[in-house]
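Subject: Structure handover

Hello,

Please find the structure below, followed by notes on what turned up in it.

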Amino acid sequence: MFRKIFIVLAIAFFVVAFTAPGVAFAGEKVKIKSHGVSYTTLINQLDVGDEEGHIILIYEQRSIFANEISGDKFPDRSVGFMNVNPNKPAEMYLTGYGVHTDKDGDKFTRSFKGKPIAQGQWKGVYTVTGGTGKYKGATGGGTWTSTMLAPNQSYVEVEGEHEMP
């Protein structure tokens, strides 16, 4: 029972660390400040087997974000991996990748990682890994925080800086 409750809570912690790249000229650095809501749409659980409760979760999330600076609103998709061990909370972490596809079909990509900071809250960093089309060669990164709203749902805040190619 405790294990199922913990897993439901853990699912709500998953984060999508994405911010829309915004409109920028080549070489221009753009400040990002976004917030949004994420929903876990797929979850697979594997028991590690080394001790009771230690599991690995592989997940997919869908999100809607709003950029507070530009006013843009945009959807996002992330996939990730989470190490969950209620016996060793200091060893829990998540890592993953995200992709934003804009209205023209160009993709903006990033990697992210994070750790729990309190019950129902995670914090981490993201790194822009490039993209396709107008985002090919994009760089940058920043920080994110995620707060559980309900099972499978979280509120995410992101701040960073991106440089467009």
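How many helices and strands are there in the protein? There are one helix and eight strands, taken as DSSP runs (H or I of at least four residues for helices, E of at least two for strands) and numbered from the N terminus. Along the sequence the pattern reads α-β-β-β-β-β-β-β-β.

On provenance: this is a predicted model, in which local features need pLDDT of at least 70 and side-chain atom pairs count only at pLDDT 80 or more, while totals for chains, interfaces and linings use all residues. Residues are numbered from 1 along each chain as its sequence is written, and side-chain values use heavy atoms, with hydrogens and water left out.

Burial and core

Of the 165 residues, 42% count as buried; buried means under 20% relative accessible area, exposed over 50%, and partly exposed in between (1.4 Å probe, protein chains only). The largest nonpolar core has 20 residues, and Leu94 and Trp144 have the most contacts inside it. Such a core is a set of buried Ala, Val, Leu, Ile, Met, Phe, Trp, Tyr and Cys residues joined through side-chain atoms within 4.5 Å. β2 gives the most to this core, with four residues.

Strand β2

In β2, 10 of the 13 residues are buried. β2 runs antiparallel to β1 (residues 29-47), with 13 bridges joining the two, and antiparallel to β3, with 12 bridges; strands pair if DSSP finds at least two bridges between them. Serine 34 has asparagine 67 of β2 as its bridge partner, and alanine 66 has lysine 73 of β3. β2 and β3 form a hairpin with five residues between them, and glycine 71 in the turn has a positive phi of about 85 degrees.

Salt bridges

The whole structure holds eight salt bridges, each a side-chain nitrogen of Lys or Arg within 4 Å of a carboxyl oxygen of Asp or Glu. One of them joins aspartate 76 and arginine 110 at 2.7 Å, N to O. Aspartate 76 is in β3 and arginine 110 in β5, so this pair ties together parts that are 34 residues apart in sequence. Both aspartate 76 and arginine 110 are buried.

Lysine 134 meets aspartate 102 at 3.0 Å, N to O, and aspartate 104 with closest N and O atoms 2.9 Å apart. Lysine 134 is partly exposed at 39% relative accessible area, aspartate 102 is buried at 12%, and aspartate 104 is exposed at 54%.

Regards
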